[in-house]
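Subject: Structure for your review

Hello,

Here is the structure I promised to pass on. Please open it alongside this message; my notes follow below.

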Amino acid sequence: MPTPSLASLPIRRLTLRDLAACADLSEDRGWPREEHKWGFLLTAGKGYGIDDPDGGLVSACVVTEYGPQERPALAAIGMVLVAERHTRQGVARRLMRHVVSAMGTTPLTLHATPYGRPLYEELGFKVTGRAEMVCGRFTPGGPQPVVATRSATAEDLTAILRLDEQVFGTDRTHIVTRLPAFADQLRVAEEDGRIIGYAAAWPNMDTHVVGPLIARDTSVAQALITALAAHTDRPLRTDIDVRHTELLAWAKERGLASVAFNSVMSYGVTELPGDWSRRFAPVTVAAG
């Protein structure tokens, strides 16, 4: 039997049953398997993939929609991967075109590596921002945070959701309500009994990823990171909007080193909704 051409292989929706195949694809490209993150994304969003006739996946990606279910206000594309043996054959382009078409008029966003950016530009995505990944063992130092933080409780959920929608610019209840199960820590910052920020730390291989990180200002963001770091023995990793220069400088003084830069890109919208000044880091770059 002749091997079908890549262009003729159907694109289908992925489910949690494809979790191991997605992790295998990550590993094939030299990424960590990240099964915990794949599971989160495949349940909170929509996975798309192409099956390899020889087994496994040729390609995969995940789309996370935000806002009303019947008319999303924004969708984030992430985890765009092509198996090493099928690279440079137009597979990623075909998969991305399928996703863009499937999303219709919904504005799109993604975090692009320098390697992937030319393809996204070819498809009409524009650079609207930049994020810097920092990672390392957090070393406490300097003045102690004056902002009080504590572990979040179920009673905080309504206030967290309200704050998150204000800052992110659209509803993402399906993400926030999954955080208590997904993350090892979920903390809030309080002032006069009012929640002014929140952050999670979730396990990813040998690190804890800080995200989302929503805070009234830099001092609140610092207090949340400091508290999360105090309750883990793992290195921290996070992706900070480069406009938050003060927080980035502080994080590097505390032992987190620059690892990489990603371009924040959008399609169908000139800038992302919400209040960037209070949005310090995403849940994961794969979900916008």
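In this predicted model, helix α8 (residues 218-230) and helix α9 (residues 245-253) have axes that come within 10 Å and cross at roughly 30°. Angles under 35 degrees count as roughly parallel, so α8 and α9 are roughly parallel to each other. The crossing of α8 past α9 is right-handed. On the α8 side the contact is made by T218, A221, Q222, I225 and T226, and on the α9 side by E246, L247 and W250.

Next, the aromatic residues. The structure holds six aromatic pairs. One of them joins Y120 and F125, with 6.1 Å centre to centre and 65° between the planes. That pair is edge-to-face because planes over 60 degrees apart fall in that class. Both partners can be checked for burial, for which the cut-off is under 20% relative accessible area. Y120 has a relative accessible area of 9% and is therefore buried. F125, at 2% relative accessibility, also counts as buried.

Another pair is F182 with W202, which is tilted: the centres are 4.9 Å apart, and the planes are at 35°. This pair links distant parts of the chain, since F182 belongs to helix α7 (residues 179-182) and W202 to strand β9 (residues 194-204), 20 residues apart. F182 and W202 are both buried. Together with F40, F182 and W202 form one aromatic cluster.

Two arginines sit over aromatic rings. R13 has its charged end over the ring of Y48, 5.9 Å from the ring centre. R130 lies over the face of F261, at 4.1 Å from the centre of that ring.

Last, a histidine. H111 is in strand β5 (residues 108-112). Is H111 buried or exposed? Its relative accessible area is 17%, so H111 counts as buried. What is H111 in contact with, leaving aside neighbours within four places in sequence? The contacts of H111 are A131, N262, S263, V264, V285 and G288.

If you want a place to begin in the viewer, display α8 and α9 with their contact residues, which include I225 of α8 and W250 of α9. After that, the cluster of F40, F182 and W202 and the surroundings of H111, among them N262 and S263, can be viewed in turn.

Regards

Key:
Residues numbered from 1 in each chain as written. Predicted model: local features only at pLDDT ≥ 70, side-chain atom pairs only at ≥ 80, totals over all residues. Heavy atoms only, no water. Phe/Tyr/Trp six-rings, centres within 6.5 Å; stacked < 30°, edge-to-face > 60°. Buried < 20%, exposed > 50% of the residue type's maximum accessible area, 1.4 Å probe, protein only. Helix = DSSP H or I, 4+ residues; strand = E, 2+ residues; numbered from the N terminus. Lys NZ or Arg CZ within 6 Å of the ring centre and 35° of its normal. Axes fitted to C-alpha atoms, helices over the stretch in contact; angles between N-to-C directions. Parallel < 35°, antiparallel > 145°, perpendicular 65-115°, else oblique. Left-handed = near helix turned anticlockwise from the far one by under 90°. Contact = heavy atoms within 4.5 Å.
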